[in-house]
Amino acid sequence: MKLTAIFSSVFHLFFPNPCMGCGKPLHVNTKVLCMICDSNIAITPFHLHSVNYVSEKFTGRAKIEYGTSMTLFSKHGMIQHLMHQLKYKSKKEIGIYLGEKYGSILATQHNYMQVDCIVPVPLHDKKLEKRGYNQSEYFAIGLGNLMQKKVLPKGLIRLNLKESQTRKKRLERWKNVESDFDCPNEELLKHKHILLVDDVLTTGATLDSCISILNQIEGVKVSVATIAVVMN
């Protein structure tokens, strides 16, 4: 065993990293979540079915090939706790962890392995500068690692800096993202099957706006994957 590995093991023994789900110390070879918290993430079966709750949210609104979400969002649940840390506490490793967890599943599904590249829903440059990172990009990186697909962080850009969607009602969400995105390099995406990813699917307004832009590009197909979906 190398000296650095020995030092790391000894350091971790006395100063173990906390589980980001429950806060308890992690074992030496465990990252981000303990085994109990990891096992408590209930994976939806949406990836197994072409028609499901996620895909049907876009019916008649935006053309997609396939749609899925890793898990269901519930207020005060562990996923909300994890996503709050991912989004506001600079815990980017949570995004990668969840992406790799779900990527290992999507990598076994023919429908999703047909995609050519992964594009995260972008933040506006000013919000990106303030936060320092795009949480959806880190979920995309995790997916890409296990699916062996290229991630294109600048596949889409956000044109307008608007208020957060978090506390907005359904109609307000739609008005808030209308004509809000653009594709800076259409040639890069022509004739590609794109997996568009976001953190939470609520009304679908943000994703609809992104899909609308992507579907204007020659030969493009779009599928959707998110960390969580709000059932309503």
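Me: Two strands pair if DSSP finds at least two bridges between them. In this predicted model, how many bridges join β1 to strand β7?

Reply: Strand β7 covers residues 221-229 and runs parallel to β1. Because a pair needs at least two bridges, the count decides whether these strands qualify. The number of bridges that join β1 to β7 is 5.

Me: Which residue of β7 is the bridge partner of Thr68?

Reply: The strand β1 spans residues 67-72, and β1 is joined by bridges to β7. In β7, the bridge partner of Thr68 is Ala225.

Me: How many of the residues of β1 are buried?

Reply: A residue counts as buried under 20% relative accessible area. By this criterion β1 is mostly covered, and of its 6 residues the number buried is 5.

Me: Where is His76 found, and is His76 buried or exposed?

Reply: His76 lies in the loop between β1 (67-72) and α4 (78-88). Its phi is positive, about 70°, although His76 is not a glycine. The relative accessible area of His76 is 77%, and the cut-off for this class is over 50%, so His76 is exposed.

Me: Val32 also has a positive phi. Is Val32 buried or exposed?

Reply: Val32 is a residue other than glycine with phi near 70°, and it sits in the loop between α1 (3-14) and α2 (35-39). Its relative accessible area is 11%, which is under 20%, so Val32 is buried.

Me: How many residues of helix α11 are buried?

Reply: Helix α11 runs over residues 205-214 and is mostly covered. Among its buried residues are Ala205, Leu207, Cys210 and Leu214. Of the 10 residues in α11, the number buried is 9.

Me: How many disulfides does the structure hold, and how far from Cys19 is the nearest cysteine sulfur?

Reply: The structure holds 0 disulfides. Cys19 is accordingly in no disulfide, and the nearest cysteine sulfur is that of Cys37. A disulfide requires sulfur atoms within 2.5 Å, whereas the distance from Cys19 to Cys37 is 3.7 Å.

Me: What are the relative accessible areas of Cys19 and Cys22?

Reply: Cys19 is buried, while Cys22 counts as partly exposed. The values are 4% for Cys19 and, for Cys22, 38%.

Methods: Residues numbered from 1 in each chain as written. Predicted model: local features only at pLDDT ≥ 70, side-chain atom pairs only at ≥ 80, totals over all residues. Heavy atoms only, no water. Buried < 20%, exposed > 50% of the residue type's maximum accessible area, 1.4 Å probe, protein only. Helix = DSSP H or I, 4+ residues; strand = E, 2+ residues; numbered from the N terminus.
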